[in-house]
Amino acid sequence: MGLVALLVSATLAAAQTKTVERTVRGPTAKDIRVGVYLNVQADCTTGVLPSIRLVASPANGTVNVKRGKVTATHYKQCMALEVPSFIAFYRSKANFVGTDTLTLEVKYPQGRTELQRITVKVGDASAPWGRNI
């Protein structure tokens, strides 16, 4: 493969990568769901699940991905679904309160890639689990 072909290939791959930024909140030292990943086809059947890779680890916690099922109504043109999925969870260190960040790379079989930068607000004092009652 020549240099021009490599550059075109790299440019196309970069063009298919989308960056998504999200914020989630949750209690200290408990699982906080940070993402649900599935692949629903146009005919409402499930497709091959995306691959998920932790690109940047959180400084004050861990990330785990588990298999699960998603049940939904009125998703795209599908009236009712139950499809397999991957569910990503963040869990902070035992006494951590504050903001942590992580980045996941999600690659879908059709060639689309998402970089998901997720900010996790842990033990937020305005949330019920952050109040000392």
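A residue counts as exposed when its relative accessible area is over 50%, as buried when that area is under 20%, and as partly exposed in between. Keep that handy while you look through this predicted model.

**Strand to strand: Arg53 and Glu105**
- The side chains of Arg53 and Glu105 pair up in a salt bridge, at 3.1 Å from N to O.
- Arg53 sits in strand S3 (residues 51-56) and Glu105 in strand S6 (residues 98-107), so this pair ties together parts that are 52 residues apart in sequence.
- Arg53 is partly exposed, at 46% relative accessible area, whereas Glu105 is buried, at 14%.

- Buried or exposed? Both Lys69 and Glu82 are exposed.

**Arg112 and Glu114**
- Arg112 and Glu114 also meet through their side chains in a salt bridge, with an N to O distance of 2.7 Å.
- Arg112 is partly exposed, with a relative accessible area of 38%.
- Glu114 has a relative accessibility of 8%, so it counts as buried.

**A network**
- Which residues are linked in a network of salt bridges? They are Asp31, Lys66 and Arg91.

How values were computed:
Residues are numbered from 1 along each chain as its sequence is written. This is a predicted model: local features need pLDDT of at least 70, side-chain atom pairs count only at pLDDT 80 or more; totals for chains, interfaces and linings use all residues. Side-chain values use heavy atoms; hydrogens and water are left out. A salt bridge is a side-chain nitrogen of Lys or Arg within 4 Å of a carboxyl oxygen of Asp or Glu. Helices (H or I, at least four residues) and strands (E, at least two) are DSSP runs, numbered from the N terminus. Buried means under 20% relative accessible area, exposed over 50%, partly exposed in between (1.4 Å probe, protein chains only).
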